[in-house]
Amino acid sequence: MKMIRIKSVVNKLIGLTAIVGVICWCIYIYSKETGNASHFHNNAIFSIVVASKLYHGRTVQVMLKEGSKLYFLPPLGNKIALGDSIAKPPNTYIYDVYRRNENGVFIKSHTYNFKTYY
């Protein structure tokens, strides 16, 4: 009888630990993304797209040289590409994407809002 109680308590502790772990992970991800959005909004950004990767299987995370991250729905297609330039004034979520033409000159290709998935 005493052994059954110990197993029950251990199982409850394991379950509680798992739940607390998931909650902590969600808070960490939320705070990390909120920090990225705040940094993006508050600062003027003139940067180049240096990498992209599938993010949690649902979006494509695009990394900028200065450290910010942008998110797009897959497939990327012609939305944004490696080597594109991003320009944004401070205190806004609206940014422009510039792409090099055949002469090597950057030409505006798209305007996006950081808060919207494209």
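View 1. Ile14 belongs to helix H1, which spans residues 2–42; helices (H or I, at least four residues) and strands (E, at least two) are DSSP runs numbered from the N terminus. The model is predicted: local features need pLDDT of at least 70 and side-chain atom pairs count only at pLDDT 80 or more, while totals for chains, interfaces and linings use all residues. Residues are numbered from 1 along each chain as its sequence is written, and side-chain values use heavy atoms, with hydrogens and water left out. Ile14 has a relative accessible area of 54% and is exposed (buried is under 20%, exposed over 50%, partly exposed in between; 1.4 Å probe, protein chains only). Together with Met3, Ile6 and Val10, Ile14 forms a nonpolar surface patch with about 390 Å² of accessible area. Patch residues have over 30% relative accessible area and no salt bridge, with nonpolar side chains joined within 5 Å and like charges within 9 Å; areas come from the Shrake-Rupley method.

**View 2. The largest nonpolar core.** This core has 16 residues, of which Val62, Leu70, Phe72, Ile80, Ile86 and Tyr95 touch the most other members (buried Ala, Val, Leu, Ile, Met, Phe, Trp, Tyr and Cys residues joined through side-chain atoms within 4.5 Å). H1 and strands S1 (45–55), S2 (59–64), S3 (69–72) and S5 (94–100) each give two or more residues to this core, and the largest share, three residues, comes from S2.

View 3. The structure holds two salt bridges, defined by a side-chain nitrogen of Lys or Arg within 4 Å of a carboxyl oxygen of Asp or Glu. Asp84 and Arg99 meet at 2.7 Å, N to O. Asp84 lies in the loop between S3 and strand S4 (85–88) and Arg99 in strand S5, so this pair ties together parts 15 residues apart in sequence. Asp84 is buried at 2% relative accessibility. Lys108 and Asp96 meet at 3.5 Å, N to O; Lys108 is in strand S6 (residues 106–113) and Asp96 in strand S5. Lys108 is partly exposed at 47%, whereas Asp96 is buried at 19%.

**View 4. The edge-to-face pair of Phe40 and Tyr95.** The ring centres lie 5.4 Å apart, with 80 degrees between the planes (centres within 6.5 Å; planes under 30 degrees apart are stacked, over 60 edge-to-face, the rest tilted). Phe40 in helix H1 and Tyr95 in strand S5 are 55 residues apart. Phe40 is buried at 0% relative accessible area.

How values were computed
Areas by Shrake-Rupley, 256 points an atom, 1.4 Å probe, with all protein chains shown as cover. Phe/Tyr/Trp six-rings, centres within 6.5 Å; stacked < 30°, edge-to-face > 60°.
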